[in-house]
Amino acid sequence: MAKNTKEIVIRTLLNIAAEDGVVNVEEITRRTGITRNTIRHNFGNKGIDSIIAYIYTEIFQEINEQLFRHDPSEIPVEIFADILLPILWKHRDVAHILVTSNLLYRTADGATDSVFPWAKERYDYLVKEHQLSPYFSSKQLLSFWISYLDILFTLWFSSQIPLEPEKFKPIFIKLIKTSMYDLIYKGIGH
């Protein structure tokens, strides 16, 4: 029953968000007949934030199952894209609603916690290599990277008709490989 309850609550939340309605637990209970206590039991005590975190966590787990098969020091951006883009594409309807609604969620928080044990050694090295310590920790650098990815995926899925992964991949790779300076400031003030 819990799996069906979770699916009903999630689908209802997404429907309300897609309608630009006010997303709150009261509206979900009104539309589904599922009690506040049942929602709290299935998702936790933080209301809508708990439900949204659950949605993202499910997607993170799917990504991490594929990502963790690789050594974080040896995964080229092309393979990284081949892992991420198809999984996110599979969840594109949910992603589109989440990134175009008024539901706020910091992807980096949940994703950083789930990825950090796998990536810690790599990010410790990067902090040392780029002389970021004592200003930033390896966990903060990873959080920055995930926030950057979140922005790229928000751009991708906020489009009315997002590009398919095969068409988005070269754009994604270009954005990953291009510095912010080259992308935004190159040619200004010269």
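Start with the lining of the second largest pocket: six of its residues are nonpolar, one is polar and eight are charged. Here Ala, Val, Leu, Ile, Met, Phe, Trp, Tyr, Cys and Pro count as nonpolar, Asp, Glu, Lys and Arg as charged, and the others, Gly among them, as polar.

Before going on, note that this is a predicted model, in which local features need pLDDT of at least 70 and side-chain atom pairs count only at pLDDT 80 or more, while totals for chains, interfaces and linings use all residues. Residues are numbered from 1 along each chain as its sequence is written, and side-chain values use heavy atoms, with hydrogens and water left out.

**The whole chain**

Show the cartoon. The protein has 10 helices and zero strands. Helices (H or I, at least four residues) and strands (E, at least two) are DSSP runs, numbered from the N terminus. The C-alpha trace spans about 60 × 35 × 30 Å along its principal axes. Of the 190 residues, 38% count as buried. Buried means under 20% relative accessible area, exposed means over 50%, and partly exposed lies in between (1.4 Å probe, protein chains only). Take the contacts between residues at least 6 apart in sequence: 66% of them join residues at least 24 apart. A contact means heavy atoms within 4.5 Å.

**The second largest pocket**

Now return to the first stop. The second largest pocket has a volume of about 340 Å³. Select Ile10, Ile55, Glu58, His91 and Val94: of the 15 lining residues, these are the closest to its centre. A pocket is found on a 1 Å grid over the protein atoms alone, as an open set of points where a 1.4 Å probe fits, with protein on both sides within 12 Å along at least five of seven lines; a cavity is a set from which the probe cannot get out, and lining residues have an atom within 4 Å of a point. Grid points are joined across faces, edges and corners, and a volume is the space filled by probe spheres set on the points. α1 gives the most, with six.

**The largest pocket**

Move to the largest pocket, which holds about 1,100 Å³ of space. Select Phe80, Tyr123, Trp145, Ile146 and Leu149, the closest to its centre of the 49 lining residues. The elements that give two or more residues to this lining are α4, α5, α6, α7 (107–129), α8 and α9. Which element gives the most to the lining of the largest pocket? It is α8, with 12 residues. By class, the lining has 35 nonpolar, 10 polar and four charged residues.

**Helix α5**

Select residues 77–90, which form α5. This helix has 14 residues and reaches 20 Å from its first C-alpha to its last, close to the 20 Å expected at 1.5 Å a residue. The expected span is 1.5 Å times one less than the number of residues. Show side chains for its buried residues: Val77, Phe80, Ala81, Ile83, Leu84, Leu85, Ile87, Leu88 and Trp89. What covers them includes α4 (48–67), α6 (92–100), α8 (138–158) and α9 (165–177).

**The nonpolar core**

Next, select Leu13, Ile48, Ile51, Ile55, Phe153 and Phe172. Of the 57 residues in the largest nonpolar core, these touch the most other members. Such a core is a set of buried Ala, Val, Leu, Ile, Met, Phe, Trp, Tyr and Cys residues joined through side-chain atoms within 4.5 Å. Zoom in on Leu13. Leaving aside neighbours within four places in sequence, Leu13 is in contact with Val23, Ile28, Ile48, Ile51, Ile52, Ile55 and Leu103.

Pick Asn64 in helix α4. Is it buried or exposed? Asn64 counts as buried because its relative accessibility is 8%. Beyond four places in sequence, Asn64 is in contact with Ser114 and Val115. Then pick Ala111, in helix α7. Ala111 is buried too, at a relative accessible area of 6%. The two C-alpha atoms are separated by 9.3 Å, with the residues 47 apart along the chain. Not counting residues up to four places away, Ala111 touches Phe60 and Ile146.

Most residues other than glycine have a negative phi, and most peptide bonds are trans. Finish with three exceptions.

- Asp20 sits in the loop between α1 and α2 (25–32). Its phi is positive, near 60 degrees, and at 65% relative accessibility Asp20 counts as exposed.
- Gln131 lies in the loop between α7 and α8. Its phi is positive, about 50 degrees; Gln131 counts as exposed at 65% relative accessibility.
- Pro134 is in the loop between α7 and α8. A cis peptide bond joins Ser133 and Pro134, with omega about 10 degrees.
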